[in-house]
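These are my notes from going through one model.

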Amino acid sequence: MPPTRARIATSGVFALNGFLLGMWIVNIPTIKDRTGVDQADLGLMLLVLGGMAWIGMQLSGPAVDRFGSRPVAILATIALAATLPGPGFATSGGQLVAALAVVGFFNGFIDVAQNAQAVVVEREYRRPIMSAFHAFYSLGALLASILGGGLIALGVDVRTTLVVAAVIGVAAAAGVRPFLIPAPAPVEDAPAKGRAPWTSKVLLLGLLAFSLLLAEGVAYDWSTIHLRDSLGSSETIAAVAYGAFSAAMTIVRLLADRVVAAWGPAVYVSRAALVGALGLLGAALAPDAGLAIVAWAVFGVGLAGCVPQFFSAAGNVDPAASGTYLARVTSMGYVGLLAGPSVIGLLTHWIPLTTAFALPIVGCLAAGLLAPRALAPAPKERA
């Protein structure tokens, strides 16, 4: 029987991660005002958060390989929850950047560990289920936006809100721990583990994750600006573009695993990345807001299930070094997620925003073309 309880528990970890990070995100304006930082300083602080997350990923991979994904994922989730109130209690820019550095660090730890546990559960299921785990991250973030927005509307102090979220996070993490799959017992007389070598497959998986997460980052930061500045929409209508993209991502991630099981991950990514490229091209060429919103949704449909396939493949290159390889692919993708919006912003100094979208479009096409090579089973898996 497949480990159903482990799947539910792992989905819970992903949802918790999305919820905890989402509770910080929805309170950014309040915290910004409370600490008195300006937009430029906040942008730099968010880079610190991202940079510390990247460092956490590098340390999480070896920790997962040594101790297993269950203790690392649970301890990192508890640590993230416990440190979440930090930004809310900050009263200066210095305090805020220190708090965000800690939050980012533990968020990076969770990112690798939860994906490593998802790989273990997926391996037990013997069929694709990785995309659904990532859908629960989105659902957790959605819950945070609803709950956090409601508490803001009620005038609840941000410190109270984040403390309550922290308590929920610690309790939920402790609750799901018994149902996660522990690390296998060490084999007696097994050779000592050395540093996992870089392989061409891991490098290619990382580069493709970089390309598609760069495109995803563009949607997060530039979809609303595209509608407002390029198509003259109101801010309310412009926000619908991001909502359409996010909703498409979440729904498709809940459904993509069945398609991956039928087609295989290589064929799925080849076709889905092409859909993503066509969606973003449609957005760039759209003459009005209505068509642009539809195009951004199509872009989300294309991207939704692709990157989880790269993570699944990385975790199965070598089960003994699953965490390390996942950390490498995850961190390369994360760099793309951070860099995408900035690169597009730089390009707009010389070319129109819609022309700058050519970069992520090419990235999607490249991912589609190279997916069969990156996701091909190893020779020993064909035997």
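I began with Ser 11, which sits in helix α1 (residues 4–26); helices, H or I runs of at least four residues, and strands, E runs of at least two, are DSSP runs numbered from the N terminus. Ser 11 counts as buried at 7% relative accessibility; buried means under 20% relative accessible area, exposed over 50%, and partly exposed in between, with a 1.4 Å probe and protein chains only. Leaving out residues up to four places away in sequence, I found Ser 11 touching Phe 133 and Phe 136, where contact means heavy atoms within 4.5 Å.

I noted the ground rules here: this is a predicted model, in which local features need pLDDT of at least 70 and side-chain atom pairs count only at pLDDT 80 or more, while totals for chains, interfaces and linings use all residues. Residues are numbered from 1 along each chain as its sequence is written, and side-chain values use heavy atoms, with hydrogens and water left out.

**α7 and α10**

Helix α7 (residues 130–153) and helix α10 (residues 235–263) pack at about 160°, with axes 7 Å apart; axes are lines fitted to C-alpha atoms, for helices over the stretch in contact, and angles run from 0 to 180 degrees between N-to-C directions. The two helices α7 and α10 are therefore roughly antiparallel; that label applies to angles over 145 degrees, with under 35 roughly parallel, 65 to 115 roughly perpendicular and the rest oblique. The crossing of α7 past α10 is left-handed, the term for a near helix turned anticlockwise from the far one by less than a right angle, with right-handed for clockwise. The contact of α7 with α10 has 7 nonpolar, 4 polar and 2 charged residues; Ala, Val, Leu, Ile, Met, Phe, Trp, Tyr, Cys and Pro count as nonpolar, Asp, Glu, Lys and Arg as charged, and the others, Gly among them, as polar.

I then checked Arg 126, in the loop between α6 and α7. Its phi is positive, near 60°, and the residue is not glycine. Arg 126 is exposed, at 78% relative accessible area.

**Leu 96 in α6**

Leu 96 belongs to helix α6 (residues 93–125). Is Leu 96 buried or exposed? It is buried, with a relative accessible area of 0%. Beyond residues up to four places away in sequence, Leu 96 touches Ile 31, Thr 35, Val 37, Met 45, Pro 87 and Ala 90. Thr 35 is 61 residues from Leu 96 in sequence, yet their C-alpha atoms are 7.4 Å apart.

**α3 and α14**

Next I took helix α3 (residues 39–67) and helix α14 (residues 322–347), whose axes come within 7 Å and cross at roughly 165°. That makes α3 roughly antiparallel to α14. The crossing of α3 past α14 is right-handed. The α3 residues in the contact include Leu 49, Trp 54 and Val 64, and those of α14 include Gly 323 and Tyr 334. By class I have 10 nonpolar, 8 polar and 1 charged residues for α3 with α14.

Leu 49 counts as buried at 11% relative accessibility. With residues up to four places away not counted, Val 64 touches Ser 69, Val 72, Ala 113, Ala 116 and Gly 323.

Gly 232, which follows α9, has a positive phi near 70°. The axes of α9 and helix α12 (residues 289–303) come within 11 Å and cross at roughly 165°. Helices α9 and α12 are therefore roughly antiparallel to each other, and their crossing is left-handed.
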